[in-house]
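Open the model in your viewer and keep the selection panel at hand.

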Amino acid sequence: MKITFWGATDEVTGSMTFLDLPEKRIMVDAGLAQGLPEVEALNLIKLPFPASSIHSIFITHAHLDHSGYLPRLVKQGYRGQIYCTPATAKLIKIILLDSASLMDENYYSEKDVQATLHMIKTVDWDQKITIDDTVFHYQAAGHILGASSLIIKHHDKKIVFSGDLGRHDDPLFPQPPFCPKADVVIMESTYGSKRRMGSIEKELATFLIKISREARVGIVASFAVARAQMLLTLIHDFFERHPEDKIKIYIDSPMMKEANQVYKQYAHLTTKPQKVFEALDNLEAIDFQRQWDSIKKKKGPLLIISSSGMLTGGRIWRHLQNWQHDKEAVLFLPGYQGVGTPGRAMAQGERTLYRDNEETAVWSGEVLTSEAFSSHADQEELINWVAKENQSSRVFLLHGEKVSKDTLKEKLRNILLDAQIPERGATIDI
Ligand SMILES: [Zn+2]
């Protein structure tokens with residue numbers, strides 16, 4: 001067997017790896033590279049193999065940087081099957097349709113997304129798929145709903161793809177099981193150099209108390225899928241424990257509404273199904289112009305959750321514009337803000353928001369950030385996940401900034417694991 005590393009070798013996003021079995025070519029994840037223009041330019045690079053030469057694709061989870069290249073492959077002639085878990089399939093539909101609506105339609109269109117969705121075949125965790133004499137199965141990875149690691153067995157050889165790994169204390173998902181003993185492990189390293197700081201619950205409580213007791217307007221910037229459902233569940237939980245602080249929540253994102261339905265449907269995969277269901281049921285959404293016309297005149301206490309999470313677009317802009325002159329308004333940015341995004345600029349003290357280089361709003365209120373919100377395993381959790389059973393495996397690190405991969409590589413080598421950082425296009429024999 002051969003593995004060819006392709007995506008997420010020099011950057012955090014765009015996961016894509018090829019596995020050549022003796023007779024068939026498999027692809028694991030098909031993600032879009034996201035971020036600065038030079039990173040997104042990678043989405044235009046020709047693949048090392050024609051799309052039509054790939055037999056099957058296995059997707060670890062729905063995030064765009066793991067699934068967003070699928071319609072492009074289909075447009076380029078891919079006609080095989082796409083495997084993922086049932087919850088991932090539901091989220092992929094939401095994410096890819098949104099992606100197509102923002103994409104240059106020469107790159108891919110909604111038609112390509114529809115064709116992609118027809119090729120998806122869902123498999124549950126631990127359900128085995130056999131292709132020739134190679135057996136594939138998924139195991140839970142925490143992180144977001146449906147997220148999985150992929151385990152591949154070919155005769156006496158075992159290969160594990162971590163996908164994105166969740167944390168041991170995630171508010172919604174169980175700790176991912178350890179990586180089984182394998183010959184080769186290909187793992188993410190997003191937090192390879194970091195320990196997470198702070199407590200999600202405490203930082204959210206500080207924000208909510210401020211909005212409620214000081215009667216202020218609070219705007220939360222959230223990703224519509226996964227982050228929003230975690231936030232809504234935690235807010236619901238906080239209000240249950242502090243009924244005196246309970247205020248109405250409005251959500252403003254059609255995509256968030258759809259993702260809420262999927263999280264409700266698969267609430268049994270979380271650690272608190274009842275709470276997730278209650279939190280996402282009967283939420284007040286801003287669907288029509290007349291609702292917005294009335295809400296935009298409101299005063300605090302008022303709580304609105306909207307996307308995008310890094311202020312790169314979406315409906316959050318109308319809230320920032322509407323309340324920009326309210327010195328008491330609070331913008332809450334939970335979690336990592338990517339390099340070059342308006343969210344990163346605001347977190348670093350910038351108050352003028354630009355869209356397409358045009359000044360759109362000058363925020364005079366408060367900005368609260370939090371480092372605690374992350375759905376990724378941190379350095380210690382990554383090491384524990386791989387090291388428990390894999391003292392003699394070859395470990396390849398992907399999906400991390402250079403410093404993350406370098407630091408994690410050294411840490412793993414210190415405990416005698418053979419850790420390496422592959423380059424784009426590099427091929428290894430197994
Ligand atoms: Zn992810």
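Start with the largest nonpolar core of this predicted model. Select L91, V185, I219, V225, A259 and V395: of the 126 residues in this core, these touch the most other members. Colour domain 1 (2-194 + 375-429) and domain 2 (200-370) separately. Both give residues to the core, so the core lies between them. In soluble globular proteins, nonpolar side chains tend to be buried together.

Zoom in on V225. Which residues does V225 touch, leaving out those up to four places away in sequence? They are A62, L91, I94, I95, M255 and A259.

Next, the open sheet. Show its six strands, ordered β14-β13-β15-β12-β16-β19, with parallel pairing. Pick β16, residues 330-334: five bridges join β16 to β19 in the parallel sense. For one of the bridge pairs, select V330 and its partner in β19, E366.

Helix α6 lies across β12 (217-221), β15 (302-306), β16 and β19. Relative to β16, helix α6 runs at about 165°.

Zoom out to the whole chain. Its secondary structure comes to 14 helices and 22 strands. The C-alpha trace spans about 65 × 45 × 40 Å along its principal axes. The radius of gyration is 22 Å, which agrees with the value near 22 Å for a compact globule of 430 residues. Buried residues make up 49% of the chain.

Conventions
Residues numbered from 1 in each chain as written. Predicted model: local features only at pLDDT ≥ 70, side-chain atom pairs only at ≥ 80, totals over all residues. Core = buried A, V, L, I, M, F, W, Y, C linked by C-beta atoms within 7 Å. Buried ≥ 20, exposed ≤ 12 C-beta atoms within 10 Å, placed from the backbone. Domains from an automatic or database assignment. Contact = placed C-beta atoms within 7 Å. Helix = DSSP H or I, 4+ residues; strand = E, 2+ residues; numbered from the N terminus. Rg over C-alpha atoms; globule rule 2.2 N^0.38 Å. Pairing = 2+ DSSP bridges. Axes fitted to C-alpha atoms, helices over the stretch in contact; angles between N-to-C directions.
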